[in-house]
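I opened this model to look up its surface, its strands and helices, its core and its rings. My entries follow in the order in which I made them.

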Amino acid sequence: MYEPKPGDLGLTQISGWGGRAIRAGQWLLGDGYADYEHAFVVTANDPLGDTGPMIVEAMPGGAHEVRNWHDLARTRWLICPDEYRAGVAATARRQAERKVPYSDLDYAALALHRFHIPAPGLRTYIESSGHQICSQLADYCAAKGGWHLFDDGRWPGYVTPGALNRLWTSLPDGRKAGV
């Protein structure tokens, strides 16, 4: 089993109605219907060797740093290039220290963009609203750390867990791990 390192991004499943709702929303946004609804950033190796790495994840109460509590056997990993690990992990810790808020409005903004519904200032809102869903947090930390995940011209912040999962499926071995 892969042992995640600082800077790696994890993709995992959320059970219950919340996971189903996110999965349905991702399908509507064109990101497929795969069972990966949550993303997080690894910030530190497991110092004790038995409790899992430290991660930063976006949650309704804001971004926070915790021991990984997600099932490693059901997690997909985007493996961070070594030269960006420190920057990605440091950015994630800063986002947790700031307790960057989470907002369901980001899903609505992503939907407006996907369906080409005119909304003045939408791009600015998505880029700089001051809050981030889990996948936006992971993408932001990667980009600020120098690791640019997407080269498809997408707006900064226009990323769902499903988009990260689609990226995972396209990566060669050695750049990804997990199921």
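**Surface.** I looked up the accessible surface of the protein chain first: about 8800 Å², with 57% of it belonging to carbon and sulfur atoms. Such areas come from the Shrake-Rupley method with a 1.4 Å probe, and for residues only the protein chains shown count as cover. I note that this is a predicted model, in which local features need pLDDT of at least 70 and side-chain atom pairs count only at pLDDT 80 or more, while totals for chains, interfaces and linings use all residues. Residues are numbered from 1 along each chain as its sequence is written, and side-chain values use heavy atoms, with hydrogens and water left out.

I then checked how much of the chain is covered. Of its 179 residues, 47% count as buried. Buried means under 20% relative accessible area, exposed means over 50%, and partly exposed is in between (1.4 Å probe, protein chains only). For contacts (heavy atoms within 4.5 Å), I took those with a separation of 6 or more in the protein chain; residues 24 or more positions apart account for 69% of them.

**Helices and strands.** I found six helices and six strands in the protein chain. Here helices (H or I, at least four residues) and strands (E, at least two) are DSSP runs, numbered from the N terminus. Read along the sequence, the pattern is β-α-β-β-β-β-α-α-α-α-α-β.

**Strand β2.** I looked at β2 next and found it mostly covered, with six of its seven residues buried. β2 pairs with β1 in the antiparallel sense over four bridges, and Leu11 stands opposite Ala39 in β2. Two strands pair if DSSP finds at least two bridges between them. β2 also pairs with strand β3 (residues 54-57), again in the antiparallel sense, over three bridges. There, the bridge partner of Ala44 is Met54 in β3.

**The core.** Which residues have the most contacts inside the largest nonpolar core? I listed Leu9, Leu11, Val41, Leu78, Trp147, Leu149 and Leu164, in a core of 34 residues. At least two core residues come from each of β1 (9-12), β2 (38-44), α2 (85-97), α3 (105-114), α5 (134-144) and α6 (161-170). α5 gives the most to this core, with five residues. A nonpolar core is a set of buried Ala, Val, Leu, Ile, Met, Phe, Trp, Tyr and Cys residues joined through side-chain atoms within 4.5 Å. I also noted a second, separate core of six residues, which includes Phe40, Val42, Ile79 and Ala177.

Leaving aside its neighbours within four places in sequence, Leu78 is in contact with Asp8, Leu9, Leu11, Trp147, Leu164, Leu167, Trp168, Leu171 and Arg175.

**Helix α5.** Eight of the eleven residues of α5 are buried, so this helix is largely enclosed by the rest of the structure. Among the buried ones I wrote down Cys134, Leu137, Asp139 and Cys141. Just after α5, Gly146 takes a positive phi of about 100 degrees.

**Aromatic rings.** How many aromatic pairs does a search of the whole structure find? I counted two. Rings of Phe, Tyr and Trp (its six-membered ring) pair if their centres lie within 6.5 Å; planes under 30 degrees apart count as stacked, over 60 as edge-to-face and the rest as tilted.

Tyr2 and Trp77 form a tilted pair, 6.2 Å centre to centre, with 50 degrees between the planes. Tyr2 lies in the segment before β1 and Trp77 in strand β5 (residues 76-78), so the pair ties together parts that are 75 residues apart in sequence. Trp77 is buried, with a relative accessible area of 1%. Phe40 and Trp77 form an edge-to-face pair, 5.7 Å centre to centre, with 85 degrees between the planes. Phe40 lies in strand β2 and Trp77 in strand β5, so this pair ties together parts that are 37 residues apart in sequence. Phe40 counts as buried at 1% relative accessibility. I recorded Tyr2, Phe40 and Trp77 as one aromatic cluster.

**Charges over rings.** The charged end of Arg154 sits over the ring of Phe150, 3.9 Å from its centre. The charged end of Lys176 sits over the ring of Trp168, 4.4 Å from its centre. The test is that NZ of Lys or CZ of Arg is within 6 Å of the ring centre and within 35 degrees of the ring normal.
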